[in-house]
Amino acid sequence: MKMTSLEQLHQSMRRINCEIQQFQLSSGGVSFDCLFSTRDRPNYTLSLTSRGSNPKFFIFQVERGYWIKPYFAGFYSELAEVLNTGANSGNTLAPKEFLEGINRKIPIQASITRNPSTAEIIRLRPDITEDRDRPYFDTWISWSNESGRGPSPENQQKTRVVLGLNALEHSLRNNASSKWSTVDLGRTWDN
C-alpha cells in the first residue's frame, strides 16, 4: 500500500534537513509511539511501539515509492493481539485497512521538536541490540587497519539508526566504533 502521508512527511523532513521524526498515533483503542526513519537501508522504516505497561514493537519496511507491503509476516498475530483483533475477538486484523488508517493519521509536516533524542530512539527501537543501557554518544574508538578489527555490525547499526548516515560514513571511513555512555555527556559525534 502506498503511504502518501509518509511521502509528504519525508518531503517536509528534507526541507528542515532531518532524517527521523517521532510522533504518536492511535489505532482502535491502542496508542503507539512512532518513528519514521530515512536512516535505515535499503528501505526506510516506520516503527510502532505500543504504549502501556507491556509495550510491543513493530517495524515496517517502507520500500521505494513509500510502499508498505500489506501483509505482516512474522508479527501478524502479535499485532492482532495488541489491537484486540484476531481469532477469539470476533474481529480480524485486515493489514490493508490497518495501513490505510495509519496513513490517515501520520503527520505530514515535519518539526524540529519531533526529532527524537538518542535515548528516545533506543527506547523505541528494541531491534538495536548493542549497549541498550548506554543511549548517549561518548566518543570514537579508532582501530588500526593492521589489527583487522573495526566496528561490529551491531555497532554500525546503532551508529546509523541513532546518529545518522553521516556518522556511519565517518565510522567506516575512519575504521572507528562509536562508544556510548549511560549519562548524557553533551557530546556529538562530529566534535
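Modeller: Questions and answers on the model follow.

Modeller: This is a predicted model: local features need pLDDT of at least 70, side-chain atom pairs count only at pLDDT 80 or more, and totals for chains, interfaces and linings use all residues. Residues are numbered from 1 along each chain as its sequence is written, and side-chain values use heavy atoms, with hydrogens and water left out.

Biologist: In what order do the 4 strands of the open sheet lie?

Modeller: Strands (E) are DSSP runs of at least two residues, numbered from the N terminus. Two strands pair if DSSP finds at least two bridges between them. The pairing here is antiparallel, and the order is E1-E2-E3-E4.

Biologist: Which residue of E4 stands opposite leucine 48?

Modeller: Strand E3 (residues 44-50) runs antiparallel to E4, joined by 6 bridges. E4 (57-62) is an edge strand, pairing on one side only. Opposite leucine 48 stands phenylalanine 58.

Biologist: At what angle do the axes of H5 and H6 cross?

Modeller: Helices (H or I) are DSSP runs of at least four residues. Axes are lines fitted to C-alpha atoms over the stretch in contact, with angles from 0 to 180 degrees between N-to-C directions. The axes of H5 (residues 153-163) and H6 (residues 165-174) come within 6 Å and cross at roughly 150°.
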